[in-house]
Amino acid sequence: MTGVQTCALPIYGTVRGRAGVTTGNFLFYGTGGFAYGKVDLQSNFNALALSTSAQTSSIRSGWVIGAGLEYLMQTNVFLHLGYQYVDLGIAKLISSTTDGFSSAIISQTASAQAAFHVATIGLNWKFAPTASKPWEGGYGGGHIGGAWGRSEEHTSELQSHSFISYAVFCLKK
């Protein structure tokens with residue numbers, strides 16, 4: 001008996017607020033808010049010469065929390081370093097099948113915690129900066145980064161059970 005489950009988060013986004021404190025050229029802040037993303041979950045289970053498969057794809061909502069720092073390099077340019085933890089909840093699926101001739105039935109329940117970490121670095125440009133209040137006003141910029149989580153794919157070998165149930169953490173791609 002074998003089962004394979006895969007989970008992916010191909011897109012995500014956040015809507016956040018932030019609050020912080022400045023000291024000299026540094027801004028230290030905390031951030032949090034609403035998160036959303038597409039969660040794809042697929043699972044296959046084989047047992048007793050039977051096979052069942054299921055997949056689901058949905059836009060899920062959740063929450064985000066994080067922290068960061070910014071360094072004022074010039075009056076209108078600052079360096080950004082940030083971290084976020086994003087949690088989109090648990091995606092689940094269930095499937096079962098029968099052989100049609102006897103009473104043999106197999107079923108599976110699969111779930112995945114859609115949560116991951118994000119680290120970013122970037123440069124921002126300040127619109128209409130003032131030397132007396134360097135952290136006030138609007139800005140724009142660009143950030144790059146990466147995301148990581150636990151176990152993108154999970155394989156399970158079962159000995160004498162007719163169903164499978166397990167959970168993995170998704171990896172943001």
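## Aromatic cluster and ring pairs

Phe26, Phe28 and Tyr71 make up one aromatic cluster. The model is predicted: local features require pLDDT of at least 70 and side-chain atom pairs pLDDT 80 or more, while totals for chains, interfaces and linings use all residues. Residues are numbered from 1 along each chain as its sequence is written, and side-chain values use heavy atoms, with hydrogens and water left out.

Over the whole structure, eight aromatic pairs are found. Rings of Phe, Tyr and Trp (its six-membered ring) pair if their centres lie within 6.5 Å, with planes under 30 degrees apart termed stacked, over 60 edge-to-face and the rest tilted. One of these pairs, phenylalanine 26 with tyrosine 71, is tilted, at 5.0 Å centre to centre and 50° between the planes. Phenylalanine 26 belongs to strand E2 and tyrosine 71 to strand E3, 45 residues apart (strands, E, are DSSP runs of at least two residues, numbered from the N terminus). Phenylalanine 26 is partly exposed at 34% relative accessible area, and tyrosine 71 is partly exposed at 32% (buried is under 20%, exposed over 50%, partly exposed in between, with a 1.4 Å probe and protein chains only).

Phenylalanine 78 and tyrosine 139 form an edge-to-face pair, with 5.3 Å between centres and 70° between the planes. Because phenylalanine 78 lies in strand E4 and tyrosine 139 in strand E6, this pair ties together parts 61 residues apart in sequence. Phenylalanine 78 is buried, at 2% relative accessibility, whereas tyrosine 139 is partly exposed, at 37%.

## Nonpolar core

The largest nonpolar core contains 16 residues, and Leu9, Val39, Leu41, Val86 and Leu88 have the most contacts inside it. Such a core is a set of buried Ala, Val, Leu, Ile, Met, Phe, Trp, Tyr and Cys residues joined through side-chain atoms within 4.5 Å. E1, E2, E3, E4 and E5 each contribute at least two residues to this core, and E5 gives the largest share, five residues.

Beyond its neighbours within four places in sequence, valine 86 is in contact (heavy atoms within 4.5 Å) with residues including Tyr12, Ala35, Trp63 and Phe116.

## Largest pocket

The largest pocket holds about 390 Å³ of space. A pocket is an open set of points, on a 1 Å grid over the protein atoms alone, where a 1.4 Å probe fits, with protein on both sides within 12 Å along at least five of seven lines; lining residues have an atom within 4 Å of a point. The volume is the space filled by probe spheres set on the points, which are joined across faces, edges and corners.

Of the 21 lining residues, Arg16, His80, Gln84, Thr120 and His143 are the closest to the pocket centre. E6 supplies the largest share of the lining, six residues.

Conventions. Helix = DSSP H or I, 4+ residues; strand = E, 2+ residues; numbered from the N terminus.
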